Amino acid sequence: MYTLAENKRKPDGLKSVRFGCIQVTKGAAMVCTVYGILAVDFPAAYPRALAKTEQYGLSVMDFGVAYVTLNSGYASRYARPWLTDRPSMCKELIATIKGCAVPALLGVGRFWAVGALDYQKHASEYGVHWNFFTTVACTSLMLCFLRDSKYAFFVAVVVLTLYEFCLQTWGLTDYILYAPRKDFISANREGIFSLCGYFSMLMIGLSQGRMLNE
């Protein structure tokens, strides 16, 4: 797991060692997640209890998408502390939007395909129009606003604390679970508000990836 994968040269000429465990964990997480997503359609071989939870709890599929998000933070270019020469916010935002085009199009395509094929869809997972590809696109877009990755863990703690405060104090839990679907936000409230958790996991992965690359 901790074999050295490759050497990448820093701008100052020093070599930075990247651990092969990042590639191993990314591959393992992707294989397990794909297996879980495909197997859920065969209840005889894959119990429904392992599928994505409806309201509370943790399942194999929940762990899979969370782990994929965490691994994205490990391998992010922002996790390389020697990359200090970043472009301006405007240029980076434009580049990020271009990079988000693929998962965004996949999200739209999946929504269209599910409707066209009359495939089963649980609105309580991400909402009516939302899906995991949309979440990936949004978290990637949010990431470009973090100008210094050394604050990633702090940002994750702040976001999770505020989110938990809103869930427990401002009635956000009842809104997410029971509110009627009247508009775009309420129709996709599960996916929209889950961005807080996904973005925090991305930040935690980013901070750990930075430590591995130092």
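Trainee: Where is the place of aspartate 62?
Mentor: Aspartate 62 has its place in helix 2. Keep in mind that this is a predicted model.

Trainee: Why is aspartate 62 called buried?
Mentor: Its relative accessible area is 12%. The word buried is used for values under 20%, so aspartate 62, with 12%, counts as buried.

Trainee: What is aspartate 62 in contact with, leaving aside its neighbours within four places in sequence?
Mentor: With those neighbours left aside, aspartate 62 is in contact with Lys52, Thr53 and Gly57. A contact here requires heavy atoms within 4.5 Å.

Trainee: How do you know that the span of helix 2 agrees with its number of residues?
Mentor: Helix 2 has 16 residues, and at 1.5 Å a residue they should span 22 Å. The expected span uses one less than the number of residues. The end C-alpha atoms of helix 2 are 22 Å apart, so the two values agree.

Trainee: And how far apart are the end C-alpha atoms of helix 3?
Mentor: They are 39 Å apart, while the 28 residues of helix 3 should span 40 Å at 1.5 Å a residue, which agrees. Helix 3 does have a kink of about 35 degrees at alanine 101, shortly before proline 103. Just after helix 3, aspartate 118 takes a positive phi of about 55 degrees.

Trainee: What do the buried residues of helix 3 pack against?
Mentor: They pack against helix 5. The buried residues in question are Glu92, Thr96, Cys100, Pro103, Gly107 and Val114.

Trainee: Why is glutamine 23 called partly exposed?
Mentor: Glutamine 23, which is in helix 1, has 38% relative accessibility. Buried would need a value under 20% and exposed a value over 50%, so at 38% glutamine 23 counts as partly exposed. Glutamine 23 and alanine 75 are 52 residues apart in sequence, with 8.4 Å between their C-alpha atoms.

Trainee: Is glycine 205 buried or exposed?
Mentor: Glycine 205 is found in helix 9. Its relative accessibility is 0%, so glycine 205 counts as buried. Leaving aside neighbours within four places in sequence, glycine 205 is in contact with Leu70, Gly73 and Tyr74. The C-alpha atoms of glycine 205 and glycine 73 are separated by 4.2 Å, though the two are 132 residues apart along the chain.

Trainee: What share of the residues of the chain count as buried?
Mentor: Of its 214 residues, 36% do. The chain has 9 helices and 2 strands; from the N terminus on, the elements run β-β-α-α-α-α-α-α-α-α-α. Among contacts between residues at least 6 apart in sequence, 64% join residues at least 24 apart.

Trainee: How do you look for empty space in a structure?
Mentor: A probe the size of a water molecule is rolled over the atoms, which shows where empty space is left. The largest pocket here has a volume of about 1200 Å³. Among its 48 lining residues, Ile37, Val65, Phe132, Phe133 and Val136 lie nearest its centre.

Trainee: Which helix supplies the largest share of the lining of the largest pocket?
Mentor: Helix 2 does, with 8 residues. By class, the lining of the largest pocket divides into 26 nonpolar, 14 polar and 8 charged residues.

Trainee: What is the volume of the second largest pocket?
Mentor: About 910 Å³. Of the 29 residues that line the second largest pocket, Lys52, Gln55, Tyr163, Glu190 and Ser194 are the closest to its centre. Helix 9 gives the most to this lining, with 7 residues. The classes there are 14 nonpolar, 7 polar and 8 charged.

Technical notes
Residues are numbered from 1 along each chain as its sequence is written. This is a predicted model: local features need pLDDT of at least 70, side-chain atom pairs count only at pLDDT 80 or more; totals for chains, interfaces and linings use all residues. Side-chain values use heavy atoms; hydrogens and water are left out. On a 1 Å grid over the protein atoms alone, a cavity is a set of points where a 1.4 Å probe fits but cannot get out, and a pocket is an open set with protein on both sides within 12 Å along at least five of seven lines; lining residues have an atom within 4 Å of a point. Grid points are joined across faces, edges and corners, and a volume is the space filled by probe spheres set on the points. Helices (H or I, at least four residues) and strands (E, at least two) are DSSP runs, numbered from the N terminus. Ala, Val, Leu, Ile, Met, Phe, Trp, Tyr, Cys and Pro count as nonpolar, Asp, Glu, Lys and Arg as charged, and the others, Gly among them, as polar. The bend at a residue is the angle between axes fitted to the seven residues ending there and the seven starting there. Buried means under 20% relative accessible area, exposed over 50%, partly exposed in between (1.4 Å probe, protein chains only).
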